[in-house]
Amino acid sequence: MRTFPLPQTGASVSSIVLGFMRITDLDENQIRRLVDTALDVGVTVFDHADIYGGTPHTCEKRFGDAVKLTPAQRERVEIQSKVGIREGWFDFSKDHIVTTVEESLTALGVDHLDTLLLHRPDSLVEPEDVAAAFDELHASGKVLTFGVSNHTPGQIELLKTAVEQPILFDQVQLSIVHSPLIAAGLTANMSSEDQSIDRDNGLLDYARARGITLQAWSPFQSGSASGVFVGDRVNYPELNTALDEIAESHGSTPSAIATAWITRHPANIQVVLGTTNPDRVVEAAAGSDLRLTRQEWYRLFIAAGHTLP
């Protein structure tokens with residue numbers, strides 16, 4: 001498992017983050033096996049959200065009921081959750097943030113979150129309200145660090161006009177196929193290329209310059225109706241040929257190579273897995289430790305349908 005120090009804290013974290021949004025239908029033994037496997041291969045970050053499971057705190061409670069971390073395990077694991085999405089609307093009000101965190105702690109069976117992320121951007125956000133919530137949660141020891149999810153640089157800067165705690169993370173969608181975050185910069189100022197449209201407002205360079213760690217969700221998804229691209233030879237034949245050949249040369253698997261494509265980037269992007277299959281966790285952990293050559297990395301980028309000028 002590849003690890004790296006967080007830019008703003010120096011704390012060491014794993015390149016792989018295990019997400020628990022799909023554990024609703026697992027029994028407690030299956031959840032424990034998933035967690036034990038993650039711990040065995042060196043995963044140090046567990047990702048939750050209050051909305052995972054369809055009703056508030058469902059997946060958090062399934063986790064909390066099934067998993068009793070020892071003090072030593074809890075000390076080396078970062079538990080993060082997200083807040084802000086409600087049924088048909090977004091809510092970054094102080095009361096909602098604080099109340100939801102307290103409910104998440106109860107569901108998870110822990111006394112603090114290592115990180116709280118603001119989920120989808122709230123257009124009605126009042127930075128002072130967020131700051132008051134963060135201050136209260138931080139002062140009480142209920143949340144140690146903070147971040148965001150799916151936010152642009154401008155939205156982060158707006159929060160920072162009032163929020164005093166560092167914004168350490170931004171969780172965004174990223175895979176070889178769904179990579180406007182990276183692709184736009186490679187065809188910058190080329191009006192003839194749709195790829196040059198900046199859909200992220202320069203988030204990648206902004207995050208690197210300010211020490212914000214990006215977390216990539218849906219790392220094996222195409223971002224479209226075609227779904228998972230690994231093994232999809234109908235929609236992505238060239239990409240899967242490249243994944244197979246590069247995997248063979250490294251004695252690895254296509255899924256591991258898809259993971260390695262993300263972790264190869266010098267921005268130290270974490271890969272958020274949504275799998276409930278322990279074997280996939282092992283694969284991804286091994287992939288995070290592979291260092292693709294520049295030639296291999298760009299071959300996959302082009303095979304996924306992106307353009308080099």
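This is a predicted model: local features need pLDDT of at least 70, side-chain atom pairs count only at pLDDT 80 or more; totals for chains, interfaces and linings use all residues.
Me: Why is histidine 119 called buried?
Reply: The relative accessibility of histidine 119 is 7%, and buried means under 20%, so histidine 119 counts as buried. Histidine 119 sits in the loop between β8 (113–118) and α5 (127–139). Setting aside residues up to four places away in sequence, histidine 119 touches Ala49, Ile51, Tyr52, Lys82, Val83, Ile85, Phe92, Ser149, Asn150 and His151.

Me: What makes the span of helix α4 close to the expected one?
Reply: Helix α4, residues 94–108, has 15 residues and reaches 21 Å from its first C-alpha to its last. The expected span is 1.5 Å times one less than the number of residues, and for α4 that expectation is 21 Å, so the span is described as close to it. After α4 comes glycine 109, whose phi is positive, near 75°.

Me: Which residues of α4 are buried, and what do they pack against?
Reply: The buried residues of α4 are His96, Ile97, Val98, Thr100, Val101, Ser104, Leu105, Ala107 and Leu108. They pack against α2 (58–66), β5 (78–83), β6 (85–86), β8, α5 and β9 (143–149).

Me: How do you know that leucine 105 is buried?
Reply: Leucine 105, which is found in helix α4, has a relative accessibility of 8%, and since the cut-off for buried is under 20%, leucine 105 counts as buried. Not counting residues up to four places away in sequence, leucine 105 touches Val110, Asp111, His112, Leu113 and Lys142. Leucine 105 and valine 143 are 38 residues apart in sequence, and their C-alpha atoms are 9.8 Å apart in space.

Me: Why is α2 described as mostly covered?
Reply: Seven of the nine residues of α2 are buried, namely Thr58, Cys59, Glu60, Arg62, Phe63, Gly64 and Ala66. What covers these buried residues includes α1, β4 (45–47), β5 and α4.

Me: Why are α1 and α11 called roughly parallel?
Reply: The axes of helix α1 (residues 28–41) and helix α11 (residues 278–288) come within 9 Å and cross at roughly 15°. Angles under 35 degrees count as roughly parallel, and that makes α1 roughly parallel to α11. The crossing of α1 past α11 is right-handed. On the α1 side the contact is made by Arg33, Leu34, Thr37, Ala38 and Val41, and on the α11 side by Pro278, Asp279, Val281, Val282 and Ala285.

Me: What makes α9 and α12 roughly antiparallel?
Reply: Helix α9 (residues 237–250) and helix α12 (residues 294–303) have axes that come within 8 Å and cross at roughly 160°. Because angles over 145 degrees count as roughly antiparallel, α9 and α12 are roughly antiparallel to each other. In this pair α9 passes α12 in a left-handed crossing. Among the residues that make the contact are Leu239, Leu243 and Ile246 of α9, together with Arg299, Leu300 and Ala303 of α12.

Me: Which residues touch the most other members of the largest nonpolar core?
Reply: The largest nonpolar core has 83 residues, and those that touch the most other members are Phe46, Leu116, Leu239 and Leu300. A second, separate core of nine residues includes Leu6, Val45, Leu117 and Phe169. Leaving aside neighbours within four places in sequence, phenylalanine 46 is in contact with Leu18, Phe20, Val35, Ala38, Leu39, Phe63, Val77, Glu78, Ile79 and Gln80.

Me: Is serine 255 buried or exposed, and how do you know?
Reply: Serine 255 lies in helix α10 and has a relative accessibility of 11%, and because buried means under 20%, serine 255 counts as buried. Apart from neighbours within four places in sequence, serine 255 is in contact with Phe220, Val230, Arg280 and Glu283. The C-alpha atoms of serine 255 and glycine 287 are separated by 7.7 Å, although these residues are 32 residues apart along the chain.

Me: Why is asparagine 189 called exposed?
Reply: At asparagine 189 the relative accessibility is 81%, and exposed means over 50%, so asparagine 189 counts as exposed. Asparagine 189 lies in the loop between α7 (180–186) and α8 (203–210). Its phi is near 70°, a positive value in a residue other than glycine.

Conventions. Residues are numbered from 1 along each chain as its sequence is written. Side-chain values use heavy atoms; hydrogens and water are left out. Helices (H or I, at least four residues) and strands (E, at least two) are DSSP runs, numbered from the N terminus. Buried means under 20% relative accessible area, exposed over 50%, partly exposed in between (1.4 Å probe, protein chains only). Contact means heavy atoms within 4.5 Å. A nonpolar core is a set of buried Ala, Val, Leu, Ile, Met, Phe, Trp, Tyr and Cys residues joined through side-chain atoms within 4.5 Å. Axes are lines fitted to C-alpha atoms, for helices over the stretch in contact, and angles run from 0 to 180 degrees between N-to-C directions. Angles under 35 degrees count as roughly parallel, over 145 as roughly antiparallel, 65 to 115 as roughly perpendicular and the rest as oblique. A crossing is left-handed if the near helix is turned anticlockwise from the far one by less than a right angle, and right-handed if clockwise.
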